[in-house]
Amino acid sequence: MYQRLRDLREDRDLPQRVLAELLHVTQATYSRYESGALDIPSGALIALAQFYHTSVDYILGLTDVPRR
C-alpha cells in the first residue's frame, strides 16, 4: 500500500507537501503515511482515492485495477 501511495504521487510529479496540504496534515505526517510508520486514517484514504481518481481498494493493494 505504501509504495502505491508514493508511486501515485511521483507519477504526477507532486511533492509530499501538496498531499499533506490536501489532507490537512504536516509534510512529516504525510511522509510517515508513505513510509508505513503511521497508519492512514480512513478519511485520508478516501480523500486520496478521490484526488487520484482511483479506488481505496487500489491504494490498499486489494486490486491491481487502478480505476474505480
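**Exercise 1. A loop residue**

Where does His 24 lie? Work out its place, its backbone angle and its exposure in this predicted model.

*Solution.* 
- Step 1: Find the residue in the chain. His 24 belongs to the loop between H2 and H3, and it comes just after H2.
- Step 2: Read the backbone. Its phi is near 60°, which is a positive value in a residue other than glycine.
- Step 3: Most residues other than glycine have a negative phi.
- Step 4: Check the surface. Exposed means over 50% relative accessible area, so His 24, at 73% relative accessibility, counts as exposed.

**Exercise 2. Another loop, another phi**

Find the loop in which Asp 13 lies, then decide whether Asp 13 counts as buried or exposed.

*Solution.* 
- Step 1: Asp 13 sits in the loop between H1 and H2.
- Step 2: Its phi is near 55°, and this too is a positive value in a residue other than glycine.
- Step 3: The relative accessibility of Asp 13 is 70%, so the residue counts as exposed.
- Step 4: For a glycine case, look just past H3. Gly 36 follows that helix, and its phi is positive, near 85°.

**Exercise 3. The buried side of H2**

Identify the buried residues of H2, say how they are arranged around the axis, and name the helices they pack against.

*Solution.* 
- Step 1: Helix H2 spans residues 16-23. Its buried residues are Gln 16, Leu 19, Ala 20 and Leu 23.
- Step 2: Look down the axis. These four residues cover an arc of only 105°, so they lie on the same side of H2.
- Step 3: Find their partners. The buried residues of H2 pack against H1, H3 and H4.

**Exercise 4. H2 against H4**

Describe the packing of H2 and H4: what are the angle and the distance between their axes, and which residues make the contact?

*Solution.* 
- Step 1: Two packed helices are described by the angle between their axes and the distance between the axes.
- Step 2: Apply them. H2 and H4 (residues 42-52) pack at an angle of about 120°, and their axes are 10 Å apart.
- Step 3: Classify the angle. Roughly perpendicular covers 65 to 115 degrees and roughly antiparallel starts over 145, so H2 and H4 are oblique to each other.
- Step 4: The crossing of H2 and H4 is right-handed.
- Step 5: List the contact. H2 contributes Leu 19, Leu 22 and Leu 23, while H4 contributes Ala 44, Ala 47, Leu 48, Phe 51 and Tyr 52.
- Step 6: Sort by class. Eight of these contact residues are nonpolar, with no polar and no charged ones.
- Step 7: Zoom in on Leu 22. Leaving out residues up to four places away in sequence, Leu 22 touches Ala 47, Leu 48 and Phe 51. With a relative accessible area of 33%, Leu 22 is partly exposed.

**Exercise 5. H2 against H3**

Characterise the packing of H2 and H3, then follow Gln 27 through the contact.

*Solution.* 
- Step 1: The axes of H2 and H3 come within 8 Å and cross at roughly 105°. The two helices are therefore roughly perpendicular to each other.
- Step 2: On the H2 side are Gln 16, Arg 17, Leu 19, Ala 20 and Leu 23, and they meet Gln 27, Tyr 30, Ser 31, Tyr 33 and Glu 34 in H3.
- Step 3: The classes here are five nonpolar, three polar and two charged residues.
- Step 4: Setting aside its neighbours within four places in sequence, Gln 27 is in contact with Gln 16, Arg 17 and Ala 20. Gln 27 and Arg 17 are ten residues apart in sequence and 5.1 Å apart in space, C-alpha to C-alpha.
- Step 5: Gln 27 counts as partly exposed, at 39% relative accessibility.

**Exercise 6. The buried side of H3**

Which residues of H3 are buried, and how does H3 meet H1?

*Solution.* 
- Step 1: In H3 (residues 27-35), the buried residues are Tyr 30, Tyr 33 and Glu 34. They cover an arc of only 95° around the axis, which puts them on the same side of H3.
- Step 2: These buried residues pack against H1 (2-11), H2 and H4.
- Step 3: Take H1. The axes of H1 and H3 come within 6 Å and cross at roughly 120°, and the pair is therefore oblique.
- Step 4: Tyr 2, Leu 5, Arg 6 and Arg 9 in H1 meet Tyr 30, Tyr 33, Glu 34 and Ser 35 in H3.
- Step 5: By class, this contact of H1 with H3 has four nonpolar, one polar and three charged residues.

Terms used
Residues are numbered from 1 along each chain as its sequence is written. This is a predicted model: local features need pLDDT of at least 70, side-chain atom pairs count only at pLDDT 80 or more; totals for chains, interfaces and linings use all residues. Side-chain values use heavy atoms; hydrogens and water are left out. Axes are lines fitted to C-alpha atoms, for helices over the stretch in contact, and angles run from 0 to 180 degrees between N-to-C directions. Angles under 35 degrees count as roughly parallel, over 145 as roughly antiparallel, 65 to 115 as roughly perpendicular and the rest as oblique. A crossing is left-handed if the near helix is turned anticlockwise from the far one by less than a right angle, and right-handed if clockwise. Contact means heavy atoms within 4.5 Å. Ala, Val, Leu, Ile, Met, Phe, Trp, Tyr, Cys and Pro count as nonpolar, Asp, Glu, Lys and Arg as charged, and the others, Gly among them, as polar. Buried means under 20% relative accessible area, exposed over 50%, partly exposed in between (1.4 Å probe, protein chains only). The arc is that of the directions from the helix axis to the C-beta atoms.
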